[in-house]
Amino acid sequence: MSKSFAKIMLLIALAATILSACSPAGESSSRPTASASNNEITYATAKDINDMNPHLYTGSMPAQGMVYESLVENTSEGIKPLLASSWEISKDGKVYTFHLHQDVKFHDGEPFNAEAVKQNIDAVQHNAEKHSWIKLSTKIVECKVIDEHTVQLTLSEPYYPALAELSMTRPYVFLSPKDFKNGETMNGVNGYHGTGPYVLTAHEPEQYATFEANTDYWNGAPSIHKITAKVLPAGETTFLALQKGEVNFAFTDDRGADSMDVEAMKQLEASGDYQIVRSESMNTKMIVANSSRSGSPVHETAVRQALWHAVDRETISRDIMGGTETAANTLFSSNVNNADVPLETRSYDLAKAGSLLEQAGWKLDAGSGTRSKNGVPLSMSMYYDSNSSSQKIQAELIQSAAASIGIQLKLVGEESASIANRRTTGEYDLLFNQTWGLAYDPQSTISGFTSENAYLHTTQGIAQSGQLYEKINQVMVSSDEQKRKALYADILRTVHKEAVFIPLTNGNITVVAPSNLQHISFKQTQYELPFELMSFQ
Amino acid sequence: MGMYIIRRMLLAVPLLWAISLLTFILINLSPMDPAVVVLQAQGVPSITDELIERTQQQLGLDQPFLVRYLNWMLDCLQLDFGNSYITGQSVWALIGPAFLNTLRLTLVSAVSIIAVSVLLGVLCALQAGRVLDKSVRTLAFILTAIPSYGLAALLVWYFSVRLDLLPTSGMDSYRSYILPVLIITISYAGLYFRNVRSSMLSNMNKDYVLYGRASGLPERVITMHILRNSLQVAISIFCMAIPIILGSTVVVENVFAWPGLGSLSIRAILSRDFPVIQAYVLILAVSFVIFNAISDMINAAMNPKLRNGL
């Protein structure tokens, strides 16, 4: 045989060997391997932790939640102290004075004090347009150091969700000023040192990140000494890795998608190695209707109401979600603050849906089976997240019910990012979405009605949108609890009547964890988990 | 031979230039304004015209098309592909490691594919029409017909979970290579061994074989002659297989959480990260050109007649 051919083969083999040998994976012994016995959690995540800069939005929220902390914490009993041990609010509601915990240090040893708070808040405010979704960023006038452990925040007008927004995972959390670049954080940072219970110790992009317990944590060192975030595609790969024990933890991601379907989780639970823990209702999964799309039937209230009646929520909850989520009849469940408002229940009722359409002038065309009005067919596109294990099935169920009353729904599955993009640009008739979670509901979700990036297109096309936006502005600055309640009730009645948010189920976070892991609990936000409270039996 | 290599390399230059222009034009045909993509990726909630204008200036998007193309090409020549719209990191820092990871997988797979294809191809040709030939071809037919993600899931379940022999995913040690390489080998060798087999068979009927036999050459020597002549076609195919595998490991990388080009490109495409997509297309195109040149050179080295064609 030709010598040159043999040489080429040898060369390729050599190159392959050298390349595999110079792989960083040489240190395989230090690689993450999950095991309950060595007091570690390795969780599967579909996306890398990314840039952990807490003053921007590309990082993974569960990871940022371990490393950084805010002044106050949002709990089921309301706002509680965190880095600030106490605070006072001036009578006019404009000045907040925070007294900081002493002896708190950043992971790099720098002291956490009033100066650090000021530098962080100033850095966020210098990049204010990036943060305009969080209305507090438009109201902060000044952050002043009073003494080593006292800091004062002045607002342009009273703003009642101020503390709730300060408690969020970003942007008002604290990074060591030593990590700043030229006194700023908006152009990148030099390190990721927060004050939180875990320290980021290693990061191999697109592979894994490890977090080790902060032994000097001011609130007591956590029991689980190491947490690894391992990047794995959702579905079969994650399921197999859990079965083998390469990862031992998985949870619902920040888009509300579970990495495994209900059946796979049941199988893991049945093996005895894992337990499934679900949070209480965290959010409402829904279909948002683009009321401002004037050329589409979705612009009409009657069409949206008819669609509402065409959703069989009980079947979705029982058969598609396997009983893990409950049927939702309103935008916010009644356990959300200020949202316990009596509203008409629009149950699954195809006859009612049909008569609503008939009254609105949508006549059934016997030939095609689709209704039409003035030559326009009753046809709409419905977008769902192709990463979600259940949205497609829900969409198909709704599609078939809608077809039986003469509404044609075209289903389109897309990536989460693309769905988010449609919500911003308004290029949709109907799309699957969810409210933002207990810590953000109702104030931030409702605030989002006026934001292009959120639900502006959804709400803009309704008849009373001007009044609605005016009420939203009022509710955010009102300091009178009773008045706020009344305004929220008005707002919720308006969007309910207009049927722009068609609720499906109340969603929750699902955790798959080793069966001997204890104290699994949840925060008020659906994006982070309190790993520092967990421990092995 | 030296002259041939130089001429062949020179021929690649205009080709590469055309590819770079095409890549740039195609990306610029996208209806999305890159400035809007950047702002959305950064999670900016309300995108104002002012903000878009400022971002366009920052990205140099306010300049004319040709200026942008020239700047981009000059940067690319220095391996500077710009910054990712999504993470803000330099594209090279993202693509470089991913490319190496995929290249590792590809080269190991290529060796395995070549070894298996040549071995099976020769065996089947020598045994043409007999039980061995038929059963190998049937088995290959069945295996290549199974979608690779299905086969991968099956093998991972059996070897990793059931027998606990190999890792289910990741790139931890040499053991991580076994399953992905096996899957890639099955899907490609199952096709390529047929090329080796049929080219062996057509050579077996040529006159030189008859003369060789008539002159009393031992069978082993004759087989070697046939193999050498048959491999010309195969070498072109194998060389082109390397960039093809480089560009099509998406499924395998996804199933095995392999941090390579396939996963990176899919993420970039879905999030409209134009600089990463541009660099990815360019790198793949360059590898096609390079491997095509290499295959020509190898063939020229093995068959002097071809050297005069250029």
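This is a predicted model: local features need pLDDT of at least 70, side-chain atom pairs count only at pLDDT 80 or more; totals for chains, interfaces and linings use all residues.
**Two chains, helix by helix**

Me: Which residues of H10(B) meet B:Val209, B:Gly212 and B:Arg213 in H9(B)?

Reply: Residues are numbered from 1 along each chain as its sequence is written, chains are lettered from A, and ligands are numbered from 1, in the order in which they are written. Contact is counted when C-beta atoms, placed from the backbone, lie within 7 Å. On the H10(B) side the partners are B:Ile222, B:His225 and B:Ile226.

Me: How many residues of the contact of H9(B) with H10(B) are charged?

Reply: The classes are nonpolar (Ala, Val, Leu, Ile, Met, Phe, Trp, Tyr, Cys, Pro), charged (Asp, Glu, Lys, Arg) and polar (the others, Gly among them). In this contact 3 residues are nonpolar and 2 are polar. The number of charged residues is 1.

Me: Are H9(B) and H10(B) roughly parallel or roughly antiparallel?

Reply: Helix H9 of chain B covers residues 207–214, and helix H10 of chain B covers residues 219–247. Their axes come within 10 Å and cross at roughly 165°. An angle under 35 degrees counts as roughly parallel and one over 145 as roughly antiparallel. The two helices are therefore roughly antiparallel.

Me: Which residues of H5(A) meet H7(B)?

Reply: On the chain B side, the residues are B:Ala153, B:Val156, B:Trp157, B:Ser160 and B:Val161. From H5(A) come A:Glu236, A:Leu240, A:Gln243 and A:Lys244.

Me: How many helices does chain B have?

Reply: A helix is a DSSP run (H or I) of at least four residues, and a strand is a run (E) of at least two. Chain B has 0 strands. Its C-alpha trace spans about 85 × 55 × 30 Å along the principal axes. The helix count is 13.

Me: Which element of chain B has the lowest mean pLDDT?

Reply: Chain B averages a pLDDT of 84, and 95% of its residues score at least 70. The highest mean among its elements, 90, belongs to helix H6 (residues 131–145). The lowest, 75, belongs to helix H2 (residues 34–41) of chain B.

Me: Which element gives the largest share of the side of domain 1 of chain B that touches domain 2 of chain B?

Reply: An automatic or database assignment sets the domain bounds, and chain B is divided into domain 1 (2–77) and domain 2 (98–308). Their contact takes 17 residues from domain 1 and 15 residues from domain 2. Two elements give two or more residues to the domain 1 side, H2 and helix H1 (2–28) of chain B. The largest share, 12 residues, comes from H1(B).

Me: What distance separates the centres of domain 2 and domain 3 of chain A?

Reply: Domain 2 of chain A is 69–179, and domain 3 of chain A is 283–507. Their contact takes 12 residues from domain 2 and 10 residues from domain 3. Taken over C-alpha atoms, the separation of the centres is 35 Å.

Conventions
Axes are lines fitted to C-alpha atoms, for helices over the stretch in contact, and angles run from 0 to 180 degrees between N-to-C directions. Angles under 35 degrees count as roughly parallel, over 145 as roughly antiparallel, 65 to 115 as roughly perpendicular and the rest as oblique. pLDDT is the predictor's confidence in each residue, from 0 to 100.
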